[in-house]
Amino acid sequence: MIKLESIHIEEVRGIRKLDLDFGKKTLAIHGPNGSGKSGIIDAIEFGLTGQMGRLMGRGTKGLSVALHGPHVDKVKFPDAAFVELKVFLTDLNKSATITRMVSSPKKYKVNPDDPDIRAALDEVGEHPEITLSRREILRFILVEPAKRSDEIQALLKLERIGETRRVLQAAENQLIRQHNVAANQVKSARSALQLHLQIPAVKTDAILEVANKQRKILGLTLITDFVKDTNLAEGLSAGAGSTEFNKESGLRDVKALSEAINIAASLGKTHVDAILQDLARLENEPELLGAFRQRSFIEQGLSFVEKAECPLCDAPWPDVEHLRTHIKAKLAKSEQAKQIQDALLKNGALLAGKLVQFSALIQPVAKLAETVGEKELSGTLTTWKGALDLLNIDLGNAEKVRKLKSRLRDGWLQVPDTVAASVTALDEKIKAGPDQTATLAAQTFLTTAQLRLGDFQKALRHNDTVAKGKATARAAHAIYVAVLEEELNALYDVVQKDFSTFYRELNGSDESGFTAKLTPSAASVTLDVNFYDRGLFPPAAYHSEGHQDGMGVCLYLALMRRLFDKRFTLSLLDDVVMSVDTGHRYEFCKLLKSEFADTQFIVTTHDRMWAEQMKSAGLVTGKTSVIFFSWTIDTGPLVQSNDGIWKDIDAALAKGNVDSAAAALRRHLEFVMRVLADQLGARPQFRSDGSYELDDMLSSVLKRMKALWGDAAKSAESWGKTEAQKIANEKKQFLSTCDAAMRAEQWAVNKALHYNAWADFGKNDFVPVVAAFKELLECFRCPICDSWLSVLPKQSPKMLLCTCSDISFNLIAKPKD
Amino acid sequence: MTTLYQKIGEEFLTRLAQSKEIEPKKVERLRVLITSGKKLKVQELVTAFTGGDENEVK
């Protein structure tokens, strides 16, 4: 996917101005705590993704790239903070330079600005997971299974898969609810048909028998076969019976409604009581009520999240995952509220079923009332029916059910006061009316029968459609879940296999039989690891912190391999193995080299030994190691030059790059003089900010070294060590002759670096400067072990020596008798 | 690069097509929704699941 060639950083985090060469190779950055190592990781991550992981996540509330990305002295000038990265895009086999300003982190300039390069960089920008810090590795190991699942899902970008699964589930749930409603409508329509036909069950022969009895009265052809389009009123002249009603049937409808009204108070009492009980609990527990009220809002909010902005207030978030995680955490907190919500919806649905059947009795009577001139009653019934239809909708929404408390307590059907008496009056009025002629009775019977048969058939068809839809939704959801689980199981199988392999490679000496088990379930991933063949346990049960660190890195590497496969070409490991002991770190280097030969790692560590091990294991070379020996707020990281500094300077001069040769020489001198000032106990003029100039350091180190060689010569003389006395005097003499020349040449270095004198300096002017400093520095180091000389003890030196003791001079003269 | 989401989506549609429980017309509607790249919506799925018949759910 991508490899790094070089970086130029200005005013980002703790860095003022810094250039690093990666050369597409693994690079180690070593330095003490607070020396600016992580600032490099921040800058690389920012250059590639526009994000800085350290300013995001838990414990970073109030932090942002815009406010805290620039150097602290440039907060008001964010335009001064930028990163320029030269990268190599492995898929395209092309190099490009990205420049990204902290003031506009989402935008970047690229050169060359080709569409394929932009597409590749945009893809990289979507993978901030290339950075792994110590803070992050434990999230894979020391977290509860549900949280681990979230972390792994976020890393593998499984969010969209989970979203699809949720939408399929929601569609199935909606069709289940629709099917319940449709089934109730079938029941109502069937009851109305049966009531009219007076048949015990809706069977075609029973329907035809009843209908044909009436048709015979009217002299109509009898219907022998009941087919899909059978019309029970076929043959009636248009309009016959349509403006009248069937007296007997009407009376039955009125009676049915009247009876239903009489028992309305107790209809669905069990479900009503259950709902009221849950509502009382919500009222008594304000926190639960708060969670409940937020729940549906948050659930809806989650579905609206499509970009890194709050869907309610438009507040910006670092990224969309960040926002989703925040909302999900809120949802998880309201589990009890969810149980109440589910119970309210369940009882609401059962109540809705009874409501549909009840309200189905109202419509025929409303029509009847209108037919006989009882318009007021008809209007009351129609309005009531409309209100009950709305109630039916409300019963499908938990938050609306909560607001129905008083209605449910005081008679949820809200039977209008006058209705019972009016229906009784209607009954009496119809009874008191003249009996219908046999012909009219038969006509109205058939038209009503056909009407109700049509309603029944329509309800059946609708029910069938919804039932099929529900079955399809159920099957689709089940298939998706099955495919998802198979793929995830396969993924976890590969990941756990790689994880175990990597961990064994890391800890082969003491855990050669290590195995791990990742067990995914609907919403969690459990990780168990083998502990010395005693069984599988959670990682934190018996393994040391160092081993857990190792597990975190191994799991991360296994997941990254699964995620990117051969395109896992870059990873930023920020101090991730600090707790792994030295033996295991060497194995870790070998693991990175053998398993991830094509991956460029940028590894930071504050442990000098670990930095040395990376070199001795061949993971990096002297040239691909950078040491930050100190940091100040004014200078940023102070970089130690690598061992190949003189070759680099010669190479720069060979190309005529005097400016870069001078910069490299100055950085090297700054580093060496700091080391020597410390090791030899030189006393440059004190500066409270620790920002010593090269001039101060060089003068004081030269003075100190001359004094030490002088002490060594005197001591040797006093002890009668002639050869040592001679060497010490020669060294002192050489330094004295150097001193004057150094001042002139140091001026040259300063001028080349700090003044606009580039035109005055040619290659030939600078070559002698380099040679003089190289010769001078050799006076301060051992030719055998290459270490810089030091004194012991520092406060009142008694010995001048190197690490291997090939150079060892006594500084204390023999006491006089 | 085929993402896990795409891989699961393709396998899901293949199995839907093989299922005797689901009408081909509905599978095609789902295919359009799943491969559109847009965020799935519940109501679109409900319509797709029920829309294979003449009567729409209202």
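A residue counts as buried if 20 or more other C-beta atoms lie within 10 Å of its own, as exposed if 12 or fewer do, and as partly exposed in between, with C-beta atoms placed from the backbone. Helices (H or I, at least four residues) and strands (E, at least two) are DSSP runs, numbered from the N terminus. The model is predicted: local features need pLDDT of at least 70, side-chain atom pairs count only at pLDDT 80 or more, and totals for chains, interfaces and linings use all residues. Residues are numbered from 1 along each chain as its sequence is written, while chains are lettered from A and ligands numbered from 1 in the order in which they are written.

**View 1. Strand β13 of chain A and its partner β3.**
Strand β13(A) covers residues 625-632. Six of its eight residues are buried, and the strand is mostly covered. Strand β3(A), residues 27-30, runs parallel to β13(A), and three bridges join the two. Strands count as paired if DSSP finds at least two bridges between them. A:I29 has A:V626 in β13(A) as its bridge partner.

**View 2. Chain A as a whole.**
Chain A holds 27 helices and 17 strands. Its length is 817 residues, of which 38% count as buried. Take the contacts in chain A between residues at least 6 apart in sequence: 68% of them join residues at least 24 apart. Two residues are in contact if their C-beta atoms, placed from the backbone, lie within 7 Å.

Strands β1(A), residues 3-12, and β2(A), residues 15-21, pair in the antiparallel sense. Six bridges hold the pairing. A:I9 has A:L18 in β2(A) as its bridge partner. Two residues lie between the strands of this hairpin. In the turn, A:R13 has a positive phi of about 50°.

**View 3. Helix α1 of chain A.**
This helix spans residues 37-49. At 1.5 Å a residue, its 13 residues should span 18 Å, and the end C-alpha atoms are 19 Å apart, which agrees. The expected span is 1.5 Å times one less than the number of residues. 13 of the 13 residues of α1(A) are buried, so the helix is largely enclosed by the rest of the structure. Just after the helix, A:G50 takes a positive phi of about 80°.

**View 4. The open sheet β8-β9-β10 of chain A.**
Three strands form this sheet, with antiparallel pairing. The edges are β8(A), residues 516-520, and β10(A), residues 536-537, each pairing on one side only. Strand β9(A), residues 525-530, pairs with β10(A) over two bridges. A:N530 has A:L536 in β10(A) as its bridge partner.

The three strands pair in the antiparallel sense. β15(A), residues 790-792, and β17(A), residues 808-810, stand at the edges with a single partner strand each, so one side of each has no neighbour in the sheet. The twist averages 25° from one strand to the next. Strand β16(A), residues 799-801, is joined to β17(A) by three bridges. A:M799 has A:N810 in β17(A) as its bridge partner. Helix α25(A), residues 694-719, lies across β15, β16 and β17 of chain A. It runs at about 70° to β17(A). Axes are lines fitted to C-alpha atoms, for helices over the stretch in contact, and angles run from 0 to 180 degrees between N-to-C directions.

**View 5. Where chain A touches chain B.**
31 residues of chain A are in contact with 25 residues of chain B. On the chain A side, α6 (159-197) and α18 (438-507) each supply at least two residues. The largest share, 16 residues, comes from α18(A). By class, the chain A side has 17 nonpolar, seven polar and seven charged residues. Nonpolar covers Ala, Val, Leu, Ile, Met, Phe, Trp, Tyr, Cys and Pro; charged covers Asp, Glu, Lys and Arg; the others, Gly among them, are polar.

**View 6. A:R461 in helix α18 of chain A.**
Helix α18(A) contains A:R461. With 15 C-beta neighbours inside 10 Å, A:R461 counts as partly exposed. A:R461 and A:A182 lie 279 residues apart in sequence and 9.4 Å apart in space, C-alpha to C-alpha.

**View 7. The helix pair of chain B.**
The axes of α1(B), residues 4-18, and α2(B), residues 24-35, come within 10 Å and cross at roughly 175°. That makes the two helices roughly antiparallel. Angles under 35 degrees count as roughly parallel, over 145 as roughly antiparallel, 65 to 115 as roughly perpendicular and the rest as oblique. From α1(B), B:G9, B:L13, B:L16 and B:A17 meet B:V27, B:L30, B:R31, B:I34 and B:T35 of α2(B). This contact has six nonpolar, two polar and one charged residues.
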